[in-house]
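Please read the notes below with the sequence and the model open side by side. They go through the points in order.

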Amino acid sequence: MTNPQMRSVVLADPTQCVPWPGVPGRILPQGEPFEVSILNPVFATMLADKTLIPPPPVSEPPAKPDGKTKA
């Protein structure tokens, strides 16, 4: 079951160095998804101003042929 107050997000600009709110010396992950609470006012603001965005959909690798041929 997923927590409705949590969102998986990425930085809209993965080159940005954004401090993790309330954790000195820690920065938000760059270029990889991470979870945030939408109830946290700092993260809610970053979601609203699109500093944080939903991660891109994960594409599945193409299906491998099974090696069988039709006669």
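Which residues do ring pairs link into a cluster? Ring pairs link Trp20, Phe34 and Phe43; the points below lead up to this cluster and then past it.

1. Basis. This is a predicted model, in which local features need pLDDT of at least 70 and side-chain atom pairs count only at pLDDT 80 or more, while totals for chains, interfaces and linings use all residues. Residues are numbered from 1 along each chain as its sequence is written, and side-chain values use heavy atoms, with hydrogens and water left out.

2. Elements. The protein chain has one helix and three strands, which run β-β-α-β from the N terminus on. Both kinds of element are DSSP runs numbered from the N terminus: helices are H or I with at least four residues, strands are E with at least two.

3. Sheet. The three strands form an open sheet in the order S2-S1-S3, with antiparallel pairing (two strands pair if DSSP finds at least two bridges between them). Strand S2 (34-37) and strand S3 (52-53) are at the edges with a single partner strand each, so one side of each has no neighbour in the sheet. Between strand S1 (residues 6-11) and S2 there are four bridges, in the antiparallel sense. Met6 stands opposite Ser37 in S2.

4. Core. Ten residues make up the largest nonpolar core, among them Val9, Leu11, Trp20, Phe34, Phe43 and Leu52. Such a core is a set of buried Ala, Val, Leu, Ile, Met, Phe, Trp, Tyr and Cys residues joined through side-chain atoms within 4.5 Å. S1, S2 and H1 are the elements that give two or more residues to this core. Of the 71 residues of the chain, 18% count as buried (buried means under 20% relative accessible area, exposed over 50%, partly exposed in between, with a 1.4 Å probe and protein chains only).

5. Aromatic pairs. A search of the whole structure finds two aromatic pairs. Rings of Phe, Tyr and Trp (its six-membered ring) pair if their centres lie within 6.5 Å; planes under 30 degrees apart count as stacked, over 60 as edge-to-face and the rest as tilted. Trp20 and Phe34 form a tilted pair, 5.7 Å centre to centre with 50° between the planes. This pair links Trp20 in the loop between S1 and S2 with Phe34 in strand S2, 14 residues apart. Trp20 and Phe43 form an edge-to-face pair, 5.6 Å centre to centre with 80° between the planes. Phe43 lies in helix H1 and Trp20 in the loop between S1 and S2, so the pair ties together parts that are 23 residues apart in sequence.

6. Phe43 counts as buried at 5%. The charged end of Arg26 sits over the ring of Trp20, 4.0 Å from its centre (this requires NZ of Lys or CZ of Arg within 6 Å of the ring centre and within 35 degrees of the ring normal).

7. Lys50 lies in the loop between H1 and S3. Lys50 has a positive phi of about 65° although it is not a glycine. Is Lys50 buried or exposed? Lys50 is exposed, with a relative accessible area of 57%.
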